[in-house]
Amino acid sequence: ARLGDKMGEYMMEPRYMRLIQAGRAGMDAMAAGDEAEAHAALEATLRDWNRPAATERKPSIMTVMFTDMVGSTDMTQARGDAGAQEIVRRHNAIVRAALARFAGREIKHTGDGIMASFGTAGSAVEACVEIQRQVEAHNQRHPGQMLHLRIGLNAGEPIQEEDDLFGVTVQLAARVCNASAADAVLCTTVVKDLASGKGARFEPAGSFALKGFRDKIPLWTVVWR
């Protein structure tokens, strides 16, 4: 009961939130029949937990990520609610495992995707690469349960209120996700600049007219293959 009463406080601390997300990812993996993945995610999270707490920082600048399951409505109509929900659970397991591994924080589930935040652009990009690679591996193992994601990234100083994020930073991240093609990751220039020099590769995707933004915005493709 004491744990439940203080859960809201724990979720505001990055170290505790990583444990919570690892638990979520593990349960999703177990539900999808992948026990090995559940144990691997937990082991990695416990190693991270044992690092000194002094290494934790609360950055003012965040990188916001949106994932979106491509064709989710058609998938539900074709497979039915139960069949579609299996694929949603696989999406959840893959994304949450990457969040746990790369110190991301799940903000909310959007129904056909997840909104999350990261303390650094580099970790956000690494998580997106891992997500798309794991999705590709899933599709190769389960051709009858194909999953395709589009992902968008933007960095800035969002408004934080009641465990949620708001403002232009979040709005732009969502629009970038909408502009992405299936099996792709798009990001803004600020994400590319912040993550440059950390091993990530980017290619220019062009300038996009995004809803709610007056000027066209240049976007970059995160190379994950």
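This is a predicted model: local features need pLDDT of at least 70, side-chain atom pairs count only at pLDDT 80 or more; totals for chains, interfaces and linings use all residues.
Lys192 belongs to helix H8, which covers residues 189–195. Is Lys192 buried or exposed? Its relative accessible area is 15%; because buried means under 20%, Lys192 counts as buried.

Strand E7 spans 184–188 and strand E9 spans 217–222, while strand E8 spans 202–208. These strands belong to an open sheet of seven, arranged in the order E2-E3-E1-E4-E7-E9-E8 with mixed pairing. At the edges stand strand E2 (104–109) and strand E8, each of which pairs on one side only. From one strand to the next, the twist averages 25 degrees.

Strands of a sheet are joined through backbone hydrogen bonds, in either a parallel or an antiparallel sense. E2 and strand E3 (residues 114–118) are antiparallel and share five bridges. Arg105 is placed opposite Ser117 of E3.

Two helices pack on this sheet. Helix H6, made of residues 121–141, touches strand E1 (62–69), E3, strand E4 (149–156), E7, E8 and E9. The direction of H6 makes about 175 degrees with that of E4. Helix H7, made of residues 168–179, also packs on the sheet and touches E1, E3, E4, E7, E8 and E9. For H7, the angle between its direction and that of E4 is about 155 degrees.

Definitions and conventions
Residues are numbered from 1 along each chain as its sequence is written. Side-chain values use heavy atoms; hydrogens and water are left out. Two strands pair if DSSP finds at least two bridges between them. Helices (H or I, at least four residues) and strands (E, at least two) are DSSP runs, numbered from the N terminus. Axes are lines fitted to C-alpha atoms, for helices over the stretch in contact, and angles run from 0 to 180 degrees between N-to-C directions. Contact means heavy atoms within 4.5 Å. Buried means under 20% relative accessible area, exposed over 50%, partly exposed in between (1.4 Å probe, protein chains only).
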